[in-house]
Amino acid sequence: MAPLPGAELVQKPLQLYRYLLRCCRQLPTKGIQQHYKHAIRQSFRVHSDEDNPERIQQIIKRAIEDADWIMNKVGAPPGSTCKLG
């Protein structure tokens with residue numbers, strides 16, 4: 001599966017955070033959106049003290065892969081994309 005549009009631009013944790021919150025807007029129901037927004041915020045807090053650049057890139061890569069999987073699994077509306085910026 002290819003990453004969602006805009007994923008290649010994500011290089012920093014704050015960019016990832018914003019990107020993932022934008023992805024949530026594409027999810028089909030408010031309940032699902034709120035669930036994943038909460039999960040994103042929790043994960044961001046858990047990893048906020050990470051200072052190893054290699055590990056940060058691993059986390060970013062995995063989060064983008066997970067977002068792609070969720071968008072396909074949950075069934076975001078056709079033609080919807082997550083964009084950075």
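Contact here means heavy atoms within 4.5 Å. With that in hand, take the whole chain.

**Whole protein**

This is a predicted model, in which local features need pLDDT of at least 70, side-chain atom pairs count only at pLDDT 80 or more, and totals for chains, interfaces and linings use all residues. Residues are numbered from 1 along each chain as its sequence is written, and side-chain values use heavy atoms, with hydrogens and water left out.

Show everything as cartoon. The protein has three helices and zero strands. Along the sequence the pattern reads α-α-α. Helices (H or I, at least four residues) and strands (E, at least two) are DSSP runs, numbered from the N terminus.

Now consider contacts between residues at least 6 apart in sequence: 71% of them join residues at least 24 apart.

Of the 85 residues, 29% are buried. Buried means under 20% relative accessible area, exposed over 50%, and partly exposed in between (1.4 Å probe, protein chains only).

**Select 13-24: helix α1**

α1 has twelve residues. From first C-alpha to last it reaches 17 Å, close to the 16 Å expected at 1.5 Å a residue. The expected span is 1.5 Å times one less than the number of residues.

Colour the buried residues of α1: Leu16, Tyr19, Leu20, Leu21, Cys23 and Cys24. What covers them includes α2 and α3 (53-74).

The axes of α1 and α2 come within 9 Å and cross at roughly 170 degrees. Axes are lines fitted to C-alpha atoms, for helices over the stretch in contact, and angles run from 0 to 180 degrees between N-to-C directions. The two helices are therefore roughly antiparallel to each other. Angles under 35 degrees count as roughly parallel, over 145 as roughly antiparallel, 65 to 115 as roughly perpendicular and the rest as oblique.

Show side chains where they meet. From α1, pick Pro13, Leu14, Tyr17, Leu20, Leu21 and Cys24.

Centre on Gln33 in α2. Gln33 is buried, with a relative accessible area of 8%. Leaving out residues up to four places away in sequence, Gln33 touches Cys24, Arg25 and Leu27.

Slide along α2 to Ser43. Ser43 is partly exposed, at 34% relative accessible area. Draw a C-alpha distance from Ser43 to Ala63: 9.8 Å, for residues 20 apart in sequence.

**Back to α1: Leu16**

Select Leu16 in α1. Leu16 is buried, with a relative accessible area of 9%. Its partners, not counting residues up to four places away in sequence, are Val10, Ile60, Ala63 and Ile64. The C-alpha atoms of Leu16 and Ala63 are 8.1 Å apart, across 47 residues of chain.

**Last stop: Val10**

Go to the segment before α1, where Val10 is found. Val10 is buried, with a relative accessible area of 3%. Finish with the C-alpha distance from Val10 to Ile64: 8.9 Å in space, 54 residues in sequence.
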